[in-house]
Structure formats: C-alpha cells, structure tokens
Amino acid sequence: STGWLLPQLFTANWVQQRPLKKYFPVKIGFFTERVPIFLLPVAAWVSLRSPSLAVTLFLIFIGWHVVGAGIVAVGWQDMIAKIFPVEWRGRFLGAMNFGGNATGILGASAAAWFLDHYAFPTNFMIAFGLGGVFVFLSWVFISLTKEIPVTPKPVPADQPSYWHSLPAILRQDHNYRKYLISQIILSLGGMALGYYTLYTIRQWEVDDGIVSLFTTSMLVGTALSNLVLGWLADKFGHKFVLELSTVALILSLFAALLAPTPAYFYLVFALYGASNAGFILSGISIIFEFCEEDIRPTYIGLTNSITGIFAGVAPLIGSLIAEKASFQWLFGISLVIYLVGLLLLHFTVHEPRRKTQDPVVITPPNVQP
C-alpha cells in the first residue's frame, strides 16, 4: 500500500502541468509498472541454482512494480476524473473493479492449477509469464483511451514553490482537512487486517486449502460489492459509500473477535472484501470532488501520500500489539479506531459533491490570485 500511495505527492505537480494525463499510465507506466512483471519468470528460473538470488530478484521486481504503479497513479486517477463525468465515475469504477475481481478469481484458479500440475520452478515461470501477457494486453487497451488535451492554468512550476503552496490547502479547505484526518485514523485502524490469516493458523491450525478459500471469500465479497457500491456512490455520494465500507470493516473485526470456529472467517473475509471495494472505489473518486480540475492532481497526491505513511506504519504497530498482548487485543483496538474514524467522517465531513465553501487556489510565484 505504501509503495503505491507514497510516491503520488512527488509526481502531482508534474501531472498537473501536462495537457494529456494518459501520458503517465501509458508512456511512463509501461516501464515503471509493466516491465517488472515481464521479468518475474527470470526470478523463478534462477531459483534452483541460487534461491537467495531468486528471492532478491523477486522482491526487486515486485517493489519496482508497486512503486512504479505509484509513480503513475496520479496521472491515471486524473485521467479517469477527466474523461468520466461525476455521475458516472462510481459505476465505471465499480464495473471495472468487478471485472478485475472476477478475472482475478479465474487467474488465481489457473495459477493453482499450474502449481499443482507442473514441477517447480516451471509452474511459477508459466504463471508469471501469463501474468506478463495479460498485463501487456491491459496496457494496449489503456493506450487506446481517448482524451482531449487541456492547457493547464499557471501553477507553481518549480518544486520548492510547489511544496511551499501545499500548507495553504490544509489551512483554507476546512472540509478537506477534516476528511484527511478521518482517513489517517482509518488508515491506522487497518493495523489488524493483515493478520486475519495468521490468527486462524495459530488459533485453529487451518491448512493451506482453507486459507485459499478465505481468499476466494474475500474476492467474491469484493466483486459483488463493487456493482452495488458503484451505483450507490453515483446516487448518494462517495462519502456515504466510505461510511458503509467502514461499517463493513467494523462488523468484520467484530466477527473475528467472536468467531468460535474458523468457518466464521468466511464471513470475516467477505466483509473485508466488501469494505475493500468501497475504499478503493470511493476512496479514489471522492478526492476529485473536493477541488477544482486544475489542482486535482495535488489533492490526489496529498491525500494518498499522507495516508500512505500511516498505512505503512499501521501493520508494524499491529505486529507489536499481537506480539506483546494478543490477536484479540489487536482486533479490539483496531475496531475502536475504526469507530472513531467513522464518527469523524460522518459528523465532521460534509458531502463534497454539495460545495459549502469557495474553491482553493494554488498561487504560482509572482502571480497575484
């Protein structure tokens, strides 16, 4: 999460100054995001001769891919906001994510088949190689996106001036500032979510087959929720969907705390998947509605980079709580944090689709507002 979120503020000013936003996911993203997936079979190929080299290469390629995706993420998000009107974004992202989750289930099933029917490392080479093929096909289609170039308004062009202009956003845009605080709290609440599987293994010694079914349950919850939440977001706003997603996470944690058998974790993971759908869909789209089009990349980068810092710290805090206390304490603390975040989001943040203040202006050097 941090690899994708953190770089975005460092590229926002660059994106803001480009008339065509597809330049980033297409021209830059091919090398930063797609190429490392093509190289993954190499890591599997060398594994028999040098396992340590294989693991090192694998981590390098995955890190390259994740950070590379973060480098072009602002451009991709700004492109989506630019080519889809506000009343269509929820359904578009919902349909896109539904299709992605559905094909992800098929891909996971195919990968499992290859792992079972071919010897190591041939099985991983085939799975990684096919992954590269589909990633390339994805790039072909995104390169066909039609986008009208728009000349950007003057903004601080040099990076020091741009950094200097950012505190003004937090000072002037009260509603956005409250939203950002709520998202920081919710990011910290995620400290427990990565430990669901480990908890079931330690508590009940579940085997790999059960764990794979947990993953399937999560993907099904994500896929089905995307279609419903996309429609709800277009009709009632993305703030409402984020609140529903937070409620789903609270129920997920509550079910994990009370689960008497591992079978209850099918529900835990399904709720977790449903919340993921809403946070991805509306977490991306709501930012577009806080600001004017000219400074949208800045809002995207500021939100995602700041929350990315806390998203990276949260699992480390969670591991300490699980080690020093217990998983039950970890789930309980995470639940309380999510409750606080939900209350802040619901009672302090106004629906940004209904504007309640004048737009924020980033003033370039030597230009009077």
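Author: Helices are DSSP runs of H or I with at least four residues, and they are numbered from the N terminus. The model is predicted: local features need pLDDT of at least 70, side-chain atom pairs count only at pLDDT 80 or more, and totals for chains, interfaces and linings use all residues. Residues are numbered from 1 along each chain as its sequence is written, and side-chain values use heavy atoms, with hydrogens and water left out.

Reader: Against which helices do the buried residues of α8 pack?

Author: A residue is buried when its relative accessible area is under 20%, exposed when over 50%, and partly exposed in between (1.4 Å probe, protein chains only). The buried residues of α8 include Tyr176, Tyr179, Leu180, Ile184 and Leu186. Contact means heavy atoms within 4.5 Å. The helices against which the buried residues of α8 pack are α7, α11 (238-258), α12 (265-288), α13 (296-324) and α14.

Reader: Are α8 and α14 roughly parallel or roughly antiparallel to each other?

Author: Axes are lines fitted to C-alpha atoms, for helices over the stretch in contact, and angles run from 0 to 180 degrees between N-to-C directions. Angles under 35 degrees count as roughly parallel, over 145 as roughly antiparallel, 65 to 115 as roughly perpendicular and the rest as oblique. The axes of α8 and α14 (residues 327-348) come within 8 Å and cross at roughly 165 degrees. The two helices are therefore roughly antiparallel.

Reader: How many residues of the contact of α8 with α14 are nonpolar, polar and charged?

Author: Among the residues that meet are Tyr179, Ile185 and Leu186 in α8, and Ile337, Leu342 and Leu345 in α14. Ala, Val, Leu, Ile, Met, Phe, Trp, Tyr, Cys and Pro count as nonpolar, Asp, Glu, Lys and Arg as charged, and the others, Gly among them, as polar. The contact of α8 with α14 divides into eleven nonpolar, seven polar and one charged.

Reader: Which residues does Leu170 contact, leaving aside its neighbours within four places in sequence?

Author: Leu170 is found in helix α7 (residues 159-172). Its relative accessibility is 26%, so Leu170 counts as partly exposed. Beyond its sequence neighbours, Leu170 is in contact with Tyr176, Arg177, Leu180 and Leu302.

Reader: Is Ser217 buried or exposed?

Author: Ser217 lies in helix α10 (residues 208-236). Not counting residues up to four places away in sequence, Ser217 touches Tyr266, Phe269 and Ala270. Because its relative accessibility is 14%, Ser217 counts as buried.

Reader: What is the peptide bond from Phe120 to Pro121, cis or trans?

Author: Most peptide bonds are trans. Pro121 is placed in the loop between α5 and α6 (122-143). With omega near 5 degrees, the peptide bond from Phe120 to Pro121 is cis.

Reader: What is the phi of Glu205?

Author: Glu205 is in the loop between α9 (196-204) and α10, and its 68% relative accessibility makes it count as exposed. Most residues other than glycine have a negative phi. Glu205 is not a glycine, yet its phi is positive, at about 55 degrees.
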